[in-house]
Amino acid sequence: MSTTSYIESNRDRFLNELFEILRIPSISADSAFSGDVRKCAEKVAEFLIAAGADNVVLEETAGNPIVYGEKIIDASLPTVLVYGHYDVQPSVPDELWNTPPFEPTIIDNKIYARGACDDKGQFFMHVKAFETMMQTNSLLCNIKFMIEGEEEVGSNNLGTYCKNHKEKLKADVILISDTGIIANDCPSIDVGLRGLSYVEVEVTGPRIDLHSGVYGGAVANPINVLCTMIASMHDENRHITIPEFYDDVEEVSADDRAALGRIPFSLDEYKKHLAIDDVLGEKGYTTIERTGTRPTLDVNGIWGGYIGEGAKTVLPSKAYAKISMRLVPNQSSEKITEIFQKHFEKIAPAGVKVKVTPHHGGEPVLTPTTSNAYKAAALAMTETFGVEPIPTRGGGSIPIVALFEKELQTKTVLMGFGLDSDAIHSPNEHYGIFNYFKGIETIPQFFKHFAALSK
Ligand code: BES
Ligand code: MN
Ligand code: MN
């Protein structure tokens with residue numbers, strides 16, 4: 001039987017099995033869900049065994065378990081290491097969901113659930129594609145699975161696991177579906193991801209909250225100060241003002257910029273989808289360049305003072321913000337965190353104390369387009385979409401990709417099938433049924449081409 005007819009005849013089951021995974025609220029950020037996180041890992045392991053994987057184990061770490069499984073058919077054949085994550089972002093604010101986040105629901109040929117696209121729907125395509133290859137006698141490479149449970153909280157234990165299991169994880173390529181394509185009729189492959197530096201800042205003014213009339217105007221208000229400090233970190237061209245911030249940024253070549261310029265993109269549709277009347281970003285760069293090739297600084301949350309019902313006149317003692325900086329090749333997360341901290345302390349006016357606490361970070365990456373693995377992915381997508389995929393750059397981060405390169409000396413192919421409009425991390429996250437099955441169809445073609453090119 002061909003892989004396509006096997007997939008066709010198992011369509012309903014492939015969907016129902018994904019739903020079983022989607023029903024488990026494996027939220028890694030909230031320890032109240034750690035039981036569900038483990039339950040999800042166990043379920044993934046079950047599905048890997050059922051698909052035909054050997055040596056399936058939950059690898060215990062200091063945090064959530066990593067699900068490992070493999071099928072080694074012939075040591076002389078190339079080996080593909082599939083990476084994905086079974087943990088998801090919190091579903092809050094739940095009231096903004098039209099359907100319950102952990103009760104997968106199909107509307108308009110899309111699966112609505114937290115993790116539907118990021119990344120349960122996408123890593124599970126690999127489990128089902130593997131089953132398909134096993135059942136149709138068409139697995140032409142060795143395969144290893146490493147599905148982790150801490151991606152959404154920084155993959156803190158995965159680096160150590162990789163370092164300690166280099167031989168076990170040895171592979172010719174790492175294949176990841178955790179990114180997207182431009183559109184369903186315009187496939188693309190991300191060949192770059194941004195890095196991340198994430199800090200939390202605290203500004204302290206007076207020892208206690210004060211009456212904003214009795215003291216207002218005479219004492220530093222930490223919220224006012226924090227807002228001024230944050231506002232000063234962009235100039236009128238939306239350029240970041242932190243000294244040395246751009247020092248290591250690798251300029252994109254004219255050819256690469258021209259290629260980015262040829263990517264089909266409608267600014268009107270983009271604005272319409274987001275309900276904004278204009279975009280705002282660094283002067284001199286297009287929207288695609290801004291998200292793919294330029295570093296950023298964004299406040300992710302800011303709080304302090306009185307936010308309850310009605311009005312309370314108060315001059316608060318403290319103000320806080322969470323700030324992320326997206327990084328591009330050749331910036332270093334550690335260095336950017338350091339210069340941010342130095343700058344933030346320097347611009348703080350007298351009358352406040354500031355504290356900067358770094359959170360997880362990650363390095364930016366570029367993946368090769370000349371490798372056999374990239375060529376295999378491009379050939380596979382060309383076969384299933386009917387058009388050649390365009391190399392693009394993803395604005396998000398998967399910090400482990402740079403770590404794989406460092407610890408395992410192995411390059412990655414980012415063959416994702418999501419859409420920017422899938423609302424990952426947002427309410428009403430969804431994943432197209434089209435995309436789910438397109439992935440399951442394309443993956444066996446990748447294995448076929450990768451085996452052939454590796455000969
Ligand atoms: N799958 C995303 C990353 C992504 C999405 C890359 C779309 C390219 C296109 C991943 O799960 C994610 O959300 N990563 C986090 C970083 C992590 C350290 C929390 C991110 O990008 O914010
Ligand atoms: Mn993801
Ligand atoms: Mn994510």
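Trainee: What makes β5 (residues 110-112) and β19 paired strands?

Mentor: Three bridges join them, and they run antiparallel. At least two bridges are needed for a pair. Three bridges meet that, so β5 and β19 count as paired. One position to look at is Y112, which stands opposite H430 in β19. Keep in mind that this is a predicted model.

Trainee: Which helices pack on the sheet that holds β5?

Mentor: α2 touches β4 and β5, and its direction makes about 20° with that of β5. Helix α13 (residues 433-454) touches β4, β5 and β19, at about 60° to the direction of β19.

Trainee: What is the strand order in that sheet?

Mentor: The order is β4-β5-β19, in an open sheet of three strands with antiparallel pairing.

Trainee: Why are β4 (105-107) and β19 (430-432) placed at the edges?

Mentor: Each has a single partner strand, so one side of each is left without a neighbour in the sheet. From one strand to the next, the twist averages 30°.

Trainee: How do you know whether S26 is buried or exposed?

Mentor: Its relative accessible area is 0%. Buried means under 20%. The value falls under that cut-off, so S26 is buried.

Trainee: Where does S26 sit, and what surrounds it?

Mentor: S26 is in the loop between α2 (11-22) and α3 (34-51). Beyond its neighbours within four places in sequence, S26 contacts D36, V37, C40, Y86, D87, V88 and K120.

Trainee: What does the side chain of S26 reach?

Mentor: It reaches the backbone oxygen of Y86 at 2.8 Å. The cut-off for a polar contact is 3.5 Å, and 2.8 Å is within it.

Trainee: Why is strand β6 (residues 142-148) described as largely enclosed?

Mentor: Seven of its seven residues are buried, so β6 is largely enclosed by the rest of the structure. N142, K144, M146 and E148 point one way, while I143, F145 and I147 point the other way. All of these are buried.

Trainee: Which strands are joined to β6, and in what sense?

Mentor: β2 (residues 66-71) runs antiparallel to β6, with five bridges. There, G69 stands opposite F145. β3 (residues 79-85) pairs with β6 in the parallel sense over seven bridges. In that pair, G84 faces I147.

Trainee: How is the protein divided?

Mentor: Domain 1 is 3-193 + 365-453, and domain 2 is 195-249 + 295-362. Their centres are 36 Å apart, taken over C-alpha atoms.

Trainee: How do you know that the two domains touch, and how much area do they bury?

Mentor: Nine residues of domain 1 are in contact with seven of domain 2. Contact means heavy atoms within 4.5 Å. Together the domains bury about 540 Å² between them, 57% of it on carbon and sulfur atoms. On the domain 1 side, L193, S397 and P399 lose the most area to domain 2, together 51% of what that side buries.

Definitions and conventions:
Residues are numbered from 1 along each chain as its sequence is written. Chains are lettered from A and ligands numbered from 1 in the order in which they are written. This is a predicted model: local features need pLDDT of at least 70, side-chain atom pairs count only at pLDDT 80 or more; totals for chains, interfaces and linings use all residues. Side-chain values use heavy atoms; hydrogens and water are left out. Helices (H or I, at least four residues) and strands (E, at least two) are DSSP runs, numbered from the N terminus. Buried means under 20% relative accessible area, exposed over 50%, partly exposed in between (1.4 Å probe, protein chains only). A polar contact is a pair of N or O atoms within 3.5 Å; within protein, one must be able to donate a hydrogen and the other to accept it, and residues adjacent in sequence count only if both atoms are side-chain atoms. Axes are lines fitted to C-alpha atoms, for helices over the stretch in contact, and angles run from 0 to 180 degrees between N-to-C directions. Domain bounds come from an automatic or database domain assignment. Buried area is the accessible area (1.4 Å probe) that two parts lose on being put together, summed over both.
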